[in-house]
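Hi,

Here is the structure I promised to pass on. Have a look at it first, and then read my notes on its charged pairs below.

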Amino acid sequence: MSSNEKIQSPGLVLREFPYKENHAILTILTATDGLITATAYGSRKSGSSLSAGTKLFNYSEFTLVESRGRYKVDSVKTIEQFFALSASIEGYAAASYFVEVLHDVSLAGQADTEVLRLALNALYALAVGKRPHRLIKAAFELRLMALSGFAPELLGCEGCGGEDAAYFNVTDAALYCARCGEVRRSGGEQLFPIHPSSIAAMRYILSAELPKLFSFSLGEEAAENLAFLCELFTREQMGRSYDSLSIYHSLCK
């Protein structure tokens with residue numbers, strides 16, 4: 001990109017760091033160029049035209065200017081602010097976790113409109129508050145891992161090909177029947193029991209159209225199992241834990 005060229009793109013603010021007295025450094029997941037770090041000069045100043053559209057979780061139309069390898073926010077027009085997230089501390093904590101994982105799977109210069117669409121649908125679902133947070137979180141995690149190249153194999157037992165799955169291996173992203181699972185567990189592998197309804201829910205999450213992604217229900221036992229496995233699977237694939245996730249769990253006790 002030549003110096004002072006402009007980028008115009010919708011984008012979701014994943015990070016917002018105060019910079020000096022009145023500025024902010026943003027990490028934006030853009031529809032056209034993937035992750036971009038840009039400085040919003042004066043955005044923290046009262047009355048700034050950049051203030052409203054550059055807050056965390058905001059989805060806005062950005063005009064960004066590149067100069068000497070760095071970007072600055074030239075103008076911004078708010079599309080969606082997800083104000084309702086602030087009404088639920090648990091929802092806000094879940095959203096904070098979502099943007100952390102999004103940051104880890106996204107790349108500079110590599111646009112992924114499906115990931116951005118998933119992020120917006122997930123934040124909307126949290127903001128509306130009509131679905132349980134743990135089911136929104138599980139669906140977001142599993143669908144994001146699939147979009148990032150870590151889709152689990154859910155057709156049947158990875159060992160014998162049977163259809164009666166009883167265990168899920170979060171490392172190799174596969175199901176195992178009771179017999180094959182016990183053999184692998186005896187060999188030291190970490191396999192976790194999976195509820196039949198959790199398997200059905202995971203298959204739905206991987207195949208559903210995005211507007212319908214969060215339109216499923218589970219009983220208490222299956223919901224708890226699904227939430228546990230999707231979180232564990234995500235942590236295994238990402239190779240790390242998240243501070244925001246610890247905060248979320250502390251609030252949901």
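The structure holds 11 salt bridges, where a salt bridge is a side-chain nitrogen of Lys or Arg within 4 Å of a carboxyl oxygen of Asp or Glu. Please keep in mind that this is a predicted model, in which local features need pLDDT of at least 70, side-chain atom pairs count only at pLDDT 80 or more, and totals for chains, interfaces and linings use all residues. Residues are numbered from 1 along each chain as its sequence is written, and side-chain values use heavy atoms, with hydrogens and water left out.

One of the bridges pairs Glu-100 with Arg-240, with 3.6 Å between the closest N and O atoms. Glu-100 lies in helix 1 (residues 89-105) and Arg-240 in the loop between helix 6 (220-238) and helix 7 (243-251), so the bridge ties together parts that are 140 residues apart in sequence. Helices (H or I, at least four residues) and strands (E, at least two) are DSSP runs, numbered from the N terminus. Arg-240 is partly exposed, at 33% relative accessible area; buried means under 20%, exposed over 50%, and partly exposed in between (1.4 Å probe, protein chains only).

Another bridge joins Lys-137 and Glu-231, whose closest N and O atoms are 2.7 Å apart. This pair links distant parts of the chain, with Lys-137 in helix 3 (residues 133-147) and Glu-231 in helix 6, 94 residues apart. Both Lys-137 and Glu-231 are buried.

Best wishes
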